[in-house]
Amino acid sequence: MAFEDQRTTVYKVNPEHPESETLPTLRTEELLLNMGPQHPSTHGVLKVILELEGERLVKSMPVLGFLHRGVEKLAEDGTYHQFIPHTDRLDYVCAMYNNFAYCRAVEKLMNLQVPERAEYLRTIVAEVQRIIGHQFWLGTQALDIGAMTVFFYCFRDREILLDWFDELCGARLTTSWYRIGGVERDLTPSLLDKLKQFLDYFPPKIDEYIVFLETNRIWLARTKGVAVISAEDAVSFGLSGPTLRGSGVDYDLRKYEPYGAYPKCEFSVPVGKNGDTYDRYWIRVMELYESVKIIRQCLEQMQEGPIMADVPSVTLPPKERVFTNLESMIQQFKLFSQGFNAPPGEIYCGTEAHKGELGFYIVSTGGGKPYRMKIRAPSFIHMGAFDYMSRGYMIADAITLFGTYDIVMGECDR
Amino acid sequence: MHQLVKRVQETLSVGFVGATEWRGDVAVTVTREKLHEVAQFLHDDPGMDFDYIVHVSSVDWPDDEERFEVVWEFYSIRKRHRIRLKTRVPESDCIVDSLTDLWKGADFMEREVYDMMGIRFRNHPDLRRILMPDDYTEGYPLRKDFPLRGKGWRDTFDFLDEVPR
């Protein structure tokens with residue numbers, strides 16, 4: 001019996017055996033399995049078509065776009081200020097860092113200088129957001145591959161910070177606290193107290209997470225040596241953030257192209273060795289300690305001062321003046337309805353978000369709206385390496401892979 | 001002129017269109033025939049050493065003769081410098097060489113450009129739509145002539161009032 005399908009392998013029974021006449025021919029073939037788009041561990045709506053040989057992954061084809069909302073097209077129709085809330089919805093678990101990346105890009109386009117206090121505030125909140133992001137990642141990744149307790153502990157501590165965000169800007173997830181040229185409002189004494197309390201409270205909790213995971217044999221077995229990628233391949237694929245540093249490449253934009261208050265802080269960038277899921281987990285946990293360190297230093301160094309650049313043609317007036325002063329109200333109205341006049345030109349500005357390099361490529365032809373805005377989303381680029389990294393692993397390791405990139409589909413599909 | 005631009009211009013006898021440096025970003029424009037050659041040079045030359053691909057993007061300029069601009073952005077992790085490589089393609093023949101053989105990450109990024117702008121990449125291993133559905137036939141969303149609203153299914157609802165743009 002001949003099979004024309006090339007994927008089919010025919011195992012013939014040895015003809016020398018007398019009973020071979022009566023045995024049927026055994027046939028094995030690769031199986032196509034559709035995983036997602038509604039699967040609890042895909043963190044949103046991601047579909048992957050897996051080609052299986054037994055339980056081994058032969059090939060995987062990610063099918064993206066279930067959450068495509070055309071954010072890049074929308075950007076062309078709004079002013080620069082109006083786009084800030086859209087960035088919240090990209091990576092919806094870490095809105096602050098998206099705001100930060102976007103505002104930095106526009107500031108580069110406008111050549112704006114942000115006041116020093118605002119830089120410190122931005123760095124503090126960005127690092128708080130990094131802690132939230134890594135906690136969220138750690139909890140869900142552990143839950144996906146069979147360590148449930150950590151999930152509750154991570155989310156308990158994440159809740160403290162989300163409440164802190166709530167007090168800071170009135171929203172827990174879709175924050176929109178950053179503004180072009182500065183930040184929306186200053187930290188109140190109550191917020192400062194709460195943050196300092198958290199900094200004392202948090203490091204022992206990280207130790208606790210580590211104990212939970214390091215003593216869990218399932219966690220170790222499912223992360224060590226899984227989804228290995230070499231440094232050379234990781235760079236070639238354009239991976240970034242902990243996913244790249246896990247392979248031993250010391251690439252961190254906070255060090256390479258310093259921004260915010262990072263150059264004034266002392267911190268180290270953890271780098272892995274083996275390029276497997278375990279190293280990437282270890283880097284993220286170590287970054288929690290580093291974030292605490294950065295926030296502490298920023299709080300110590302921060303001086304009083306303005307929180308918004310004073311360039312009336314671009315930056316928004318302070319809120320209290322808007323309601324009491326006619327000129328400020330007109331300025332605010334004009335900035336939101338017409339936007340500011342950007343010079344023609346094009347810039348790319350990358351920022352080290354907790355997932356990787358989040359970049360904005362903005363083409364301006366003058367006027368209040370961007371002509372073209374391209375968002376370099378780390379999740380999307382990490383999915384490009386999915387097929388390469390998954391080959392040869394077991395089907396259950398596909399779940400580990402989703403987690404190890406820390407993908408969020410809002411950012412991946414845009 | 002920037003050091004990197006100078007090196008690129010030296011190695012190219014023809015095909016160098018122009019270079020800009022604005023806000024610290026260096027951009028080089030080459031003709032599309034020379035694109036792969038320049039990319040190979042950027043990737044392999046030890047002085048350039050652009051091993052990291054940042055993004056692939058495209059810009060639509062409907063009034064220009066060569067309508068589409070394809071943009072690659074590279075970074076060198078060892079040398080820590082950045083460059084933007086650009087080329088133009090006309091609408092009647094919008095195809096450029098794929099750089100997937102040099103940077104593996106270009107695969108998904110070029111697929112996105114194809115999906116959103118309709119620019120095809122020669123020698124791309126798997127050029128399919130990526131964000132839009134495979135059977136989507138209504139055009140390429142990021143082209144300037146693709147309207148922001150009022151296209152497709154929603155347009156057929158007669159109970160929706162015409163909303164002025």
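Me: What makes B:L42 and B:L85 count as residues that B:F74 touches?

Reply: In this predicted model, B:F74 touches B:L42, B:F50, B:Y52, B:I53, B:V54, B:I83 and B:L85, leaving out residues up to four places away in sequence. Two residues are in contact if their C-beta atoms lie within 7 Å, so each residue in that list meets this cut-off with B:F74.

Me: Which residues have the most contacts inside the largest nonpolar core?

Reply: They are A:A105, A:F360, B:F74, B:L85 and B:I119, in a core of 156 residues. Helix α4 of chain A, residues 116-144, gives the most to this core, with 13 residues.

Me: Why is this set called a nonpolar core?

Reply: Its members must be buried, must belong to a list of residue types that includes Ala, Phe, Leu and Ile, and must be joined through C-beta atoms within 7 Å. B:F74 and B:L85, both among the core residues with the most contacts, therefore count as buried. As a general point, nonpolar side chains in soluble globular proteins tend to be buried together.

Me: Why is A:V45 called partly exposed and not buried?

Reply: A:V45 has 19 other C-beta atoms within 10 Å. A buried residue needs 20 or more and an exposed one has 12 or fewer, so A:V45 falls in between and is partly exposed. A:V45 lies in the loop between β3 (31-35) and β4 (47-53) of chain A. Leaving aside neighbours within four places in sequence, A:V45 is in contact with A:P37, A:F66, A:L67 and A:M409.

Me: How do you know that β3(A) and β4(A) pair?

Reply: There are 5 bridges between β3(A) and β4(A), and the two run antiparallel. Pairing requires at least two bridges, so the two strands pair. One of the bridges joins A:M35 to A:V48 in β4(A).

Me: What makes β4(A) and β5(A) a pair as well?

Reply: Here 7 bridges join β4(A) to β5(A), residues 56-63, again in the antiparallel sense. With at least two bridges required, these strands therefore pair. A:L52 stands opposite A:L57 in β5(A). The hairpin of β4(A) and β5(A) has 2 residues between the strands, and A:G54 takes a positive phi near 70 degrees there.

Me: Why is β8(A) called an edge strand?

Reply: The open sheet has 3 strands in the order β8-β9-β10 of chain A, with antiparallel pairing. Both β8 (345-352) and β10 (372-376) pair on one side only, and these are the edge strands. Neighbouring strands of this sheet are turned by 10 degrees against each other on average, direction ignored.

Me: How do you know that β9(A) pairs with β10(A)?

Reply: Strand β9(A), residues 357-364, is joined to β10(A) by 5 bridges in the antiparallel sense. The requirement is at least two bridges, so the pairing holds. The bridge partner of A:I362 is A:M373 in β10(A).

Me: What makes the phi of A:A227 worth a remark?

Reply: Most residues other than glycine have a negative phi. A:A227 is not glycine, yet its phi is positive, near 60 degrees. A:A227 lies in the loop between α7 (217-223) and α8 (231-236) of chain A. With 24 other C-beta atoms within 10 Å, A:A227 reaches the cut-off of 20 and is therefore buried.

Me: Is B:R23 buried, exposed or partly exposed?

Reply: B:R23 has 14 other C-beta atoms within 10 Å. This lies between the limits of 12 and 20, so B:R23 is partly exposed. B:R23 sits in the loop between β1 (16-22) and β2 (25-30) of chain B. Its phi is near 55 degrees, a positive value in a residue other than glycine.

Me: How many residues does each chain bring to the contact between A and B?

Reply: Chain B brings 25 residues and chain A brings 32. On the side of chain B, β3(B) gives the most, with 6 residues. By class, that side has 14 nonpolar, 3 polar and 8 charged residues.

Key. Residues are numbered from 1 along each chain as its sequence is written. Chains are lettered from A and ligands numbered from 1 in the order in which they are written. This is a predicted model: local features need pLDDT of at least 70, side-chain atom pairs count only at pLDDT 80 or more; totals for chains, interfaces and linings use all residues. Helices (H or I, at least four residues) and strands (E, at least two) are DSSP runs, numbered from the N terminus. Axes are lines fitted to C-alpha atoms, for helices over the stretch in contact, and angles run from 0 to 180 degrees between N-to-C directions. Ala, Val, Leu, Ile, Met, Phe, Trp, Tyr, Cys and Pro count as nonpolar, Asp, Glu, Lys and Arg as charged, and the others, Gly among them, as polar.
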